[in-house]
Amino acid sequence: MIEHFLKQTRFTSTDDFRANLEFVVPEHFNFAYDVMDRWAAEEPDRVALLWTNDQGAERRATFGQLKEQSDQAAAYLQSLGIGKGDPVMLILKRHYEWWLAMLALHKLGAVVIPATHMLTAHDVVYRCTRASVKAIMCVADSYVTTQVSQALPQCPTVETLVAVRGMAAPGKPAAAEALPAGFHDWQAEWLQAPRHNGGRFCQTDNGDTMLMYFTSGTSGEPKMVAHDFLYALGHLTTGVYWHNLHPGSLHLTVADTGWGKAVWGKFYGQWFAGATVFVFDHEKFEAATLLRQMERYRVTSFCAPPTIYRFMIREDFTQYDLSALEHCCTAGEALNPAVFDRFRQLTGLTIYEGFGQTETTMTLGTFPWMQAKPGSMGMPNPQYAIGLVKPDGTPCEDGEKGEIVILADETARATPQGKPLGLFKGYYRDDELTRRAWHDGMYHTGDVAWRDEDGYYWFVGRTDDVIKSSGYRIGPFEVESALMTHPAVVECAITGVPDDIRGMVVKATVVLAAEYRQRAGDELVRELQQHVKRVTAPYKYPRVIEFVDELPKTISGKVRRVEIRQRDSEKH
């Protein structure tokens, strides 16, 4: 499949990849037609999706079956009045129907807005009014349908509601409890829609908006990130080269479908490679249960945020057969070297890091032909021209900390729309915010890093997270990584607090392991401070340490350092 979209498909080194990665961009690219339906025509019996849930249900869908089912889903949604350009919010957890809805909406040329099931009515109102949402398709979960129903009076653009029931037992649908007023019942209706008569439902242009995400920023209201139809093509490198997938791979990415990471690991790139996407639809994460699923189904490729790996390495790996596992990746936040080392001790496998944002596909990564450096994000994905700049906009030398930027006007992989393949269109309905992020010929990521002499990038923190103390610039991740090597620390967040002499000093907010909680006090504070001094440069050690039960986080699980700073400022 990838030979249709790349001039060269096999790479053996970083130099080869950098010099020869070149996309073939169709005039009217649509992932659902040009990749999925093409697989259905060429290899209809190849398994595309292996879905399971925590109730013991299992479904296997071939590319041929997904084509038929997505066509039927598109016909059903079309019968409800959904068409090209219509914004549709999906709140579907990891239900099987999310994959059908994604493909169906791509075929209709609608704008997909994935969202988490944890949204409150207030969150639903904000998203619906900001994006003029026309339809909401959600799980038939009483919490979700209640929040949507409560939001509806303040959402004048919403015309259609569709509820999807989960599968509760092997081979049997969930009990048909009554849905709130106004909801269509997917299970009862979608197969009754008129059959599609073949061909495309509509033709999309590469610059049309295909997908929008509301980012869960660590400060401020969520931003609307708009992606065009070429965003899907930009993920080819994610699945084929970073995840190292091939026909026969069974890939599991741990991500809820409400977040951008889902299309990184559960949709686009994996199917370019002809791999099978493995899904475990569960309500509560437990590392032991996940490991047992990986063992049972012989998962070969795995990707998860560092938090998941931190929980996994606390399990007894001698109790699980993970011999089928070939390749592991991580993204979403920087990986602490201690976690990297422990996982390799337990499995013999390297974790390959990657970096990107909701606004991009993978921009930096450690690819299979590279030597992984624990804690490093890797090197630039050559579909982007990556740079590091100082606050005055001048380039950084190796070893200097600067903001990661994408040079939108210098990349050889620019699309006909004049931007790198995979980079977002802009912040929907917010030209000022777009201009603040995208100016002077570059997109400013807001993330600070430094580059070593081998060309590897190392994460420091967000631009507003960097601590300036006694003339030093200290990145939160540097101190967090040092603290995480101590067995007492489960999670931590580093922030700066005002100091009359140093301007700012480093503060650590720490969640302790259960066996250390009784020791929380001055003695453990001193022990952790001395530990940091031994692991990293002494000037970085936290002069203030606070023990807490949990860290404040965004709805997507990112630590809200800004909230910690606000609390501290209120105390002073």
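# A walk around the chain

Start by selecting Ser132, a partly exposed residue with a relative accessible area of 23%. In this tour, buried means under 20% relative accessible area, exposed means over 50%, and partly exposed is anything in between (1.4 Å probe, protein chains only). Before you move on, know that you're looking at a predicted model, where local features need pLDDT of at least 70, side-chain atom pairs count only at pLDDT 80 or more, and totals for chains, interfaces and linings use all residues. Numbering runs from 1 along each chain as its sequence is written, and side-chain values use heavy atoms, with hydrogens and water left out.

Ser132 sits in the loop between helix H5 (121–131) and strand E5 (135–139). These labels come from DSSP runs numbered from the N terminus: helices are H or I with at least four residues, strands are E with at least two.

Now jump to Asp440, which isn't a glycine either but has a positive phi of about 55°. Look for Asp440 in the loop between strand E20 (438–439) and strand E21 (442–451). With 66% relative accessibility, Asp440 counts as exposed.

**Zoom out**

If you draw a box around the C-alpha atoms along the principal axes, it comes to roughly 75 × 50 × 50 Å.

Colour by burial next: buried residues make up 59% of the 572 in the chain. Then try contacts (heavy atoms within 4.5 Å). Among those with a separation of 6 or more, 68% join residues 24 or more positions apart.

**Salt bridges**

Time for side chains. Opposite charges can pair when their charged atoms come close. A salt bridge here is a side-chain nitrogen of Lys or Arg within 4 Å of a carboxyl oxygen of Asp or Glu, and the structure holds 31 of them.

Select Lys107 and Asp71: they form a salt bridge, with their closest N and O atoms 2.8 Å apart. This pair links distant parts of the chain, with Lys107 in helix H4 (residues 97–108) and Asp71 in helix H3 (residues 63–79), 36 residues apart. Are these two residues buried or exposed? Both Lys107 and Asp71 are buried.

Next, pick Lys84 and Asp208, another salt bridge, whose closest N and O atoms are 3.7 Å apart. Here too distant parts of the chain are linked: Lys84 lies in the loop between H3 and strand E3 (87–91), Asp208 in the loop between helix H7 (186–189) and strand E8 (209–214), 124 residues apart. Lys84 is partly exposed at 46% relative accessible area, and Asp208 also counts as partly exposed, at 22%.

For the last stop, select Arg292 and Glu295, whose side chains meet in a salt bridge (2.6 Å, N to O). Arg292 and Glu295 are 3 residues apart in helix H12 (residues 287–297), so about one helical turn separates them. Arg292 is partly exposed, with a relative accessible area of 36%.
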